[in-house]
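Good morning, and thank you for joining this group meeting.

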Amino acid sequence: MKRRGIHLSEQKKDFLRSLCFLSPSLLGVGLFFILPFGVVVYYALIDGVGSRRFVFLQNFVKLFHNSAFLMAAKNTLSFSVMAVPLAVVLSIVLALMLECRIPLKSQFRTFFLSPMMVPVASVVLIWQVLFNYNGTINEFLALFGADKIDWLQSEYCQVVVLILFLWKNLGYNMILFMAGLSNIPKELLEVADVEGASERYKFFAIKLRYLSPTVLFVTILSLINSFKVFREVYLLTGDYPFEKLYMLQHFMNNTFRNLDYQKLSAAAVIMAIVMVALIALLFKAEDWFGKDVEG
Amino acid sequence: MRKKKRTFGRVGMFILCAVFALMFLMPTVLTITNSFMSESEIQSNYGMIFSTTTGGYVSETVNLKFIPDRVTISQYVTGLIKSPDYLIKFWNSLILVVPIVIFQVAVASVAAYSFTRWRGRIRSGIFFFYVILMLMPYQVTLVPNYLVSRWLGLLNTRWAIILPGIFAPFSVFLLTKFMRRIPYSLIEAAKVDGASEWQIFTRVCLPQCRSALYSIAILVFIDYWNMVEQPLILLQDAESQPLSVFLSSINAGEIGLAFAMATVYMVPSLLLFLHGEEYLVEGIANSGSVKG
């Protein structure tokens, strides 16, 4: 009994050691994220904090009949479906452009990263100046005889946010792709050149293949950032924006303020489930596309 | 012939890049130059949009202007010297963000070492869980966050923001990816020499990750420096709000002041950014794929 410590197998000792190093983080994550998320799931399944009666899926059913939730979900979905692929494609284009051995390459890189630092407040001010009814964009378009529109209150409001999102995130994604491009074996491209492959073939058959892990990573990052752009939307338009800009985050913020925990928890659980499913899908996609590139 | 075509293509590419770069740089430059305009000049430029009741000349249209008619530091004097508000808020931002950055990187580097050094089914399961957690939009973690803060009685104190910030899984993920690139032979060699795990961690592993640590610190700093949602929900007290929130609530009569304070606010990120750009780029570049 007293010599128990010595009899621990090497494997078990390793496990304990790894746990030692992991414990600060694990404790914090457990306390601040996992445990409370369990409570959220519980909240989503009961009918009220007072009575605590299990109603199982009733909260979810109610949520799916809630028109505000449906509208918010639709808007969030349509924004992400538009924003994420565009962010991926455009940042590949930027990376390829900078790869063309143009002068001042590293300066350009810095310029493209610069939006990361601009405080949200001044981004919002500038976007208002640009897209206001009397703003710069309208004035510029008026030169071509276009009619004035109040951008943030129109069909195009998502486009305004999309531009903001792209402006903010393209630089970072571009660097990821530049790193990915520089990892492609040079010999492979040289062989392709000798064989007389077209630029298009080289891009689709070689470069894109090798970039596929990066594409996955950028897709996931852009997804996160497409949710984060809510911060700017909120500051631009407040709690109740134009219908098309009413995002899930608005819905959750407003529900939170009304202290409707059941509705809120159900929405959080649904969002989490969708995210997990999506990520699992993306991981599967990477396995599928990247299997002959990486070991 | 072919070569000529290629140089032409490169010139075109350069011009295209330059145009893009200018568009990307515009808001930064605009913020800085407009902070040196007097309030009356700002009002005459943007009055159409923001003003409701201001006297003086307001131009019919909006004037997006980069160069001030007359350079003045009056906005800075108003913001920094005449009233202590902005300085207090700036200080609030600092005491929220600096502990988060330092402790998040510290906790994360220990955890990342564990994920790098030992692998097993349970641990890779935990790692996958971290990835998922990292990807959750803030609004999903908002409720759990709020509940815990209430239980622990942290609501309306700085700790409600600092503590969850310290344990955010983002930097664990990035650092693990970085550490897994350290050649295993280095660790083996240290082990053979009789180094303890802690020594391997501090003497072998950490020095190898210097650029990663720096780049992650910058990323975390920029992320939290601009936070808006967390303080709005977790800190009801207007006094303790960070400058990022306070700036966003600036009213229409003080656009010039907002630009000036935004410039001041940009200084720490700008310094970190310019000082560590190489690290930052290297750090971003090495995080390229999700599965380690």
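This is a predicted model: local features need pLDDT of at least 70, side-chain atom pairs count only at pLDDT 80 or more; totals for chains, interfaces and linings use all residues.

Residues are numbered from 1 along each chain as its sequence is written, and chains are lettered from A and ligands numbered from 1 in the order in which they are written.

Let me start with chain A. There are 13 helices and 0 strands in this chain, where helices (H or I, at least four residues) and strands (E, at least two) are DSSP runs numbered from the N terminus. The radius of gyration of chain A is 25 Å, whereas a compact globule of 295 residues would have one near 19 Å; the radius is taken over C-alpha atoms, and the globule rule is 2.2 Å times the number of residues to the power 0.38. Along the principal axes, the C-alpha atoms of chain A fill a box of roughly 75 × 55 × 30 Å.

Next, the domains, whose bounds come from an automatic or database domain assignment. Chain A is divided into domain 1 (1-45) and domain 2 (64-290), and their C-alpha centres lie 36 Å apart. The contact between these two domains takes 4 residues from domain 1 of chain A and 6 residues from domain 2 of chain A; two residues are in contact if their C-beta atoms, placed from the backbone, lie within 7 Å. In chain B, domain 1 (2-78) and domain 2 (82-285) have C-alpha centres 32 Å apart.

How many residues does each chain give to the contact between chains A and B? Chain A gives 75 residues and chain B gives 73 residues. Helix H2 (residues 10-45) of chain A supplies the largest share of the chain A side, 16 residues. That side has 54 nonpolar, 16 polar and 5 charged residues. Here Ala, Val, Leu, Ile, Met, Phe, Trp, Tyr, Cys and Pro count as nonpolar, Asp, Glu, Lys and Arg as charged, and the others, Gly among them, as polar.

Two packed helices are described by the angle between their axes and the distance between the axes. Axes are lines fitted to C-alpha atoms, for helices over the stretch in contact, and angles run from 0 to 180 degrees between N-to-C directions. Angles under 35 degrees count as roughly parallel, over 145 as roughly antiparallel, 65 to 115 as roughly perpendicular and the rest as oblique.

The axes of helix H4 (residues 85-117) of chain B and helix H7 (residues 159-166) of chain B come within 8 Å and cross at roughly 25°, which means that H4(B) is roughly parallel to H7(B). Among the residues that meet there are Phe103(B) in H4(B) and Ile162(B) in H7(B).

Helix H11 (residues 210-225) of chain B packs against helix H15 (residues 277-285) of chain B at about 95°, with their axes 8 Å apart. H11(B) is therefore roughly perpendicular to H15(B).

Finally, helix H5 (residues 121-135) of chain B and helix H8 (residues 170-179) of chain B have axes that come within 8 Å and cross at roughly 130°, so H5(B) and H8(B) are oblique to each other. Tyr130(B), Val131(B) and Met134(B) in H5(B) meet Phe170(B), Val172(B) and Phe173(B) in H8(B). This contact has 6 nonpolar, no polar and no charged residues.
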